[in-house]
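The following note sets out numbered points on the two-chain structure shown below.

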Amino acid sequence: MFLKAQIRRLNIKSFDALRNCLFIIPAVVIFSIFYIYPFFDLFSLSLHQWQGIGPKIFIGFRNFQELFADKVWWMSMGHAGYITLIALTLQNVLAFSLALACDREIRMKRFYRLVFFIPPVLSEVVVGILWNWILNSGTHNGQQLGLFNNFLMHTGFPQLVHNWLSDPKTVLTCIAVVHSWKGFGWGFIILLAGLQTIDRQLYEAARVDGAGSWNTCRHVTIPLMMPVIMVVVILTILGSMQVFVLIPSLVNQGLVYHTEVPVTRILASMSGFQFGYACAQAVVFGSILVAVSFTLKSFSNRMKQA
Amino acid sequence: MVVNQYLIQRFLKNTLTHIFLLIITISCLFPIFWMIRVSFMSNATVFADQSLIPVELNWHNYVVVWTKGNFGVYFINSMIYTISAVTGIVLISSLAAFAFSRLQFPGKNAIFYVFVAAMMIPLPGSFVPLFVRMNELHLVNTRLGYILCMINVGLSLSIFLLKTFFDKMPADLENAARIDGCSPVQIWWYIALPLAAPALAVIVIYNALNVWNEYILAALLFSDNSLMPLQPGLMVFNGAYQVDYPVLMAGLTMTAIPIIIVYLFMQKYIIKDLFSGAVVG
């Protein structure tokens, strides 16, 4: 009798467990096919030479050796690094000061918040083509086609008119600025949410102690916001290093060599049917990103404990 | 006197802040406003007409974009992909998140951590093996293939957000329903989902944005113009209408406006919920 009851209970239990498993089956199946399997494929393909069809030839780490000697690849990393540096300073300083401004008692707060998040909502293709037109340096019947050059002409700075997007010296900066225009809204909203968690009494205390706005910001706000700032910094680095779609839509062909970034290199290897090499590039690039973001993360954790 | 000085100082500070905020506001809105303005002009009037609001609304560009530019097809495709992928993500991720939060089964935590880890690890270039996989499964150039890919992209973040939400849900309601004889599926459908409406709103808008604006996978998977969504379609169009700015701007407007409208309607959820989650996590 006792045994029978035990078996029944076990059956019910395992039946429950089985039925509960059904809840996660769709997610797990899709995730395995489209994420986990390709994830391991990435590593195995990076050790092979493969042209998309035909046999995969195992070549060990030769793809990686080739990659480390590939000057264009490291140049593309440099370009992405440059864009990231500008984004980190311009975009985040802008986002932080906007968040500070909106955190105070000020009218139209909701309106500003609404507007600053409109650029991030647009797709990179739309932003790229739109800014291609703004920064265009072509002329039509003696009139500047691009809005920005046109503006410079009419406000009395004709000497500043420049072919922004076709000069290799300015094109990367233009990409970085447009990228920051599109991206600062994310930082702004995350930082603002963080600022609003700070206890107002701390500001009161600082004021009673005679601290001005600048000192309050330096000694109260920034130390308290450090974890949130770190999150924004990591997100900015990941987003800017992987910038890609913006580039072909902003800069039309012609300057390809000067605007290479890692993702365009991976795509180029792929369309050249060097799948193994493309995967090796992806592995190296991904590892660098993971290493950077984990270093920053542990750095910020250590700061939190100190 | 002292009070006066204080008031003047505060007034000055507020004015300066407003000027700063307004400059950035203009820099955000002006390009978009100009894009819409030019989309109603013709190549002849785009230089002649200097007024802020165009003299006449000329819908001709939109007709060109919709028919010759193939945007009728792209637009419908984008709608199909966005609606199906978001529906799929909501159903599949809420089922999984409910199980991770409320039900018992072997390996629960381990599987959940795999999803969370996937959310944290950046995988640039994962499209290479993914494309290879899709090719083997004969899912290249199919609607189903793209929709499944996009469901996968949104899955881990949605599961994570919903699980944290379900964890905070009071157990009493669920227990009452169980005593009344509800099965877990019924609890999920009748109790958990309606209660999770705010979290679901975040997931809907975040993923709708993501799918509508996605470019790389769509460009890789579709070589067939009749299946393409708007973003790669816009790139094709950009190549063909390089200098015809009014028509090009009509295409951009058509791509951007639907997502801006969705954002304006649902923005209160984004700002309140998604980012309070981001800061805590």
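Two residues are taken to be in contact if their C-beta atoms, placed from the backbone, lie within 7 Å.

1. **Interface.** The structure is a predicted model. By the contact criterion, 65 residues of chain A are in contact with 65 residues of chain B. On the side of chain A that touches chain B, the most residues come from helix H1 (residues 2-45) of chain A, which gives 18. By class, this side of chain A holds 52 nonpolar, ten polar and three charged residues.

2. **Confidence.** The model has an ipTM of 0.86 and a pTM of 0.87. The mean pLDDT of chain B is 85, and 90% of its residues score at least 70. Among the elements of chain B, the highest mean pLDDT, 93, belongs to helix H4 (residues 71-102) of chain B, and the lowest, 66, to helix H2 (residues 45-48) of chain B. Over residues 277-281 of chain B the pLDDT is below 50, and this stretch has eight contacts in the model beyond near neighbours in sequence. Where pLDDT is low, the predicted coordinates should not be read in detail.

3. **Chain A as a whole.** The secondary structure of chain A consists of 13 helices and four strands. Its radius of gyration is 26 Å, well over the 19 Å that the globule rule gives for 306 residues, so chain A is more spread out than a compact globule. Along the principal axes, the C-alpha atoms of chain A fill a box of roughly 95 × 70 × 35 Å. Of the 306 residues in chain A, 37% are buried. Among contacts in chain A between residues at least 6 apart in sequence, 72% join residues at least 24 apart.

4. **Chain B as a whole.** Chain B has 13 helices and zero strands. Its C-alpha trace spans about 75 × 75 × 35 Å along the principal axes. The radius of gyration of chain B is 24 Å, whereas a compact globule of 281 residues would have one near 19 Å. Buried residues account for 40% of the 281 residues of chain B. Of the contacts in chain B with a separation of 6 or more, 79% are between residues 24 or more positions apart.

5. **Nonpolar core.** Which residues touch the most other members of the largest nonpolar core? They are Ile175(A), Ala96(B) and Val128(B), in a core of 153 residues. Helix H8 (residues 168-195) of chain A gives the most to this core, with 15 residues. Leaving aside residues up to four places away in sequence, Val128(B) touches Leu42(A), Ile266(A), Met270(A), Phe275(A), Ala278(A), Cys279(A) and Ala282(A).

6. **Helix H4 of chain A.** In helix H4 (residues 109-116) of chain A, the buried residues are Tyr112(A), Arg113(A) and Phe116(A). Viewed down the axis of H4(A), these buried residues fall within an arc of 100°, so they line one face of the helix. Arg110(A) and Phe111(A), on the other side of H4(A), are exposed. An α-helix has 3.6 residues a turn, so residues three or four places apart point the same way.

7. **Leu238(A).** This residue lies in helix H10 (residues 213-241) of chain A. Leu238(A) is partly exposed, with 16 other C-beta atoms within 10 Å; a buried residue would need 20 or more. Not counting residues up to four places away in sequence, Leu238(A) touches Leu289(A), Ser293(A) and Pro122(B). Leu238(A) and Ser287(A) are 49 residues apart in sequence, and their C-alpha atoms are 12 Å apart in space.

8. **Backbone points to check.** Most residues other than glycine have a negative phi. Asn70(B) is not a glycine, yet has a positive phi of about 65°. Asn70(B) lies in the loop between helix H3 (60-67) and H4 of chain B, and is partly exposed, with 17 other C-beta atoms within 10 Å. His138(B), also not a glycine, has a positive phi of about 55°. His138(B) lies in the loop between helix H6 (127-136) and helix H7 (143-168) of chain B. With 9 other C-beta atoms within 10 Å, His138(B) is exposed.

Technical notes:
Residues numbered from 1 in each chain as written. Chains lettered and ligands numbered in written order. Predicted model: local features only at pLDDT ≥ 70, side-chain atom pairs only at ≥ 80, totals over all residues. Helix = DSSP H or I, 4+ residues; strand = E, 2+ residues; numbered from the N terminus. Nonpolar A, V, L, I, M, F, W, Y, C, P; charged D, E, K, R; others polar. Core = buried A, V, L, I, M, F, W, Y, C linked by C-beta atoms within 7 Å. Buried ≥ 20, exposed ≤ 12 C-beta atoms within 10 Å, placed from the backbone. Rg over C-alpha atoms; globule rule 2.2 N^0.38 Å. Arc of directions from axis to C-beta. pLDDT = per-residue confidence, 0-100.
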